[in-house]
Amino acid sequence: MSDLLNVLVIVAVITLVVVRQFKPQRLTSEGRSWWLLPAVLGFLAVREPGLIDSAHPTGSAALLAVGVVLGLLTGAAWAWTTRIWTDADGQVWSAGRVVTAVAWVLGAGLRFGLYGVAVLVGVHLGTQATMLSVAATLLARTGTLMWRAQQLRPTYRVAAGG
């Protein structure tokens, strides 16, 4: 896939996920495919050569690993700052808050900082590295949200007689 197409995919996925995070959405445990989008992005990132800068393989691999770890941490922070609750029917809902946006912006800032470090040391981090980091972010976010949702107890009350 070309770099331009990679950028378009990354922007489209981020836009879709970020915009949707602020609308209340029902989390379903039946939909076990929450990992599918991150898996597709990860596959697209690693399927072509160029993920690692051949001129600086060690530095490139290290920066790629840091980028993935930053993605995982950003995704987890994003999920932990998301409000989740149960309705009267026991359905689990989620919605982002202002602090969720702050977590996401800080994570993006760290990612840009990582790109700055790469430029300073002369390592090329391409769109594939960004796509892999976004995949890690989405995997950690959704996985953490699903785990949190499983921990919730329904907020409705059952009458004393059953």
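A polar contact is taken here as a pair of N or O atoms within 3.5 Å; within protein, one atom must be able to donate a hydrogen and the other to accept it, and residues adjacent in sequence count only if both atoms are side-chain atoms. The model is predicted, so local features need pLDDT of at least 70 and side-chain atom pairs count only at pLDDT 80 or more, while totals for chains, interfaces and linings use all residues. Residues are numbered from 1 along each chain as its sequence is written, and side-chain values use heavy atoms, with hydrogens and water left out.

The protein has five helices and three strands, where helices (H or I, at least four residues) and strands (E, at least two) are DSSP runs numbered from the N terminus. Along the sequence these elements follow the pattern α-β-α-α-β-β-α-α. The C-alpha atoms fill a box of roughly 75 × 25 × 25 Å along the principal axes. Of the 162 residues, 38% count as buried, a term that means under 20% relative accessible area, with exposed set at over 50% and partly exposed in between (1.4 Å probe, protein chains only). Among contacts (heavy atoms within 4.5 Å) between residues at least 6 apart in sequence, 79% join residues at least 24 apart.

Strand 3 (residues 92-95) pairs with both other strands, pairing being assigned if DSSP finds at least two bridges between two strands. Strand 1 (residues 25-27) runs antiparallel to strand 3 and is joined to it by three bridges, with Q25 opposite S94. Four bridges, also in the antiparallel sense, link strand 2 (residues 83-86) to strand 3. Within this second pairing, R83 has A95 as its bridge partner and T86 stands opposite V92. Strands 2 and 3 form a hairpin with five residues between them, and G90 in the turn has a positive phi of about 85 degrees.

Helix 3 (residues 57-80) comprises 24 residues and reaches 34 Å from its first C-alpha to its last, close to the 34 Å expected at 1.5 Å a residue; the expected span is 1.5 Å times one less than the number of residues. Its buried residues include L63, L64, G67, L70 and W78. The cover over the buried residues of helix 3 includes helix 1 (3-21), helix 4 (98-121) and helix 5 (127-151).

R111 is found in helix 4 and counts as buried because its relative accessibility is 11%. Beyond its neighbours within four places in sequence, R111 is in contact with G67, L70, A129, T130 and S133. A polar atom of the R111 side chain lies 3.4 Å from the backbone oxygen of A129. R111 and V68 are 43 residues apart in sequence, with their C-alpha atoms 9.6 Å apart in space. T130, in helix 5, is buried with a relative accessible area of 17%. Residues up to four places away in sequence aside, T130 touches I10, R111 and Y115.

Pockets were identified on a 1 Å grid over the protein atoms alone, as open sets of points where a 1.4 Å probe fits, with protein on both sides within 12 Å along at least five of seven lines; lining residues have an atom within 4 Å of a point. The largest pocket has a volume of about 500 Å³, the volume being the space filled by probe spheres set on the points, which are joined across faces, edges and corners. Its lining comprises 18 residues, of which R20, Q25, L27, R141 and T142 lie nearest the centre. Helix 1, strand 1, helix 2 (36-46) and helix 5 each give two or more residues to this lining, and the largest share, five residues, comes from helix 5.
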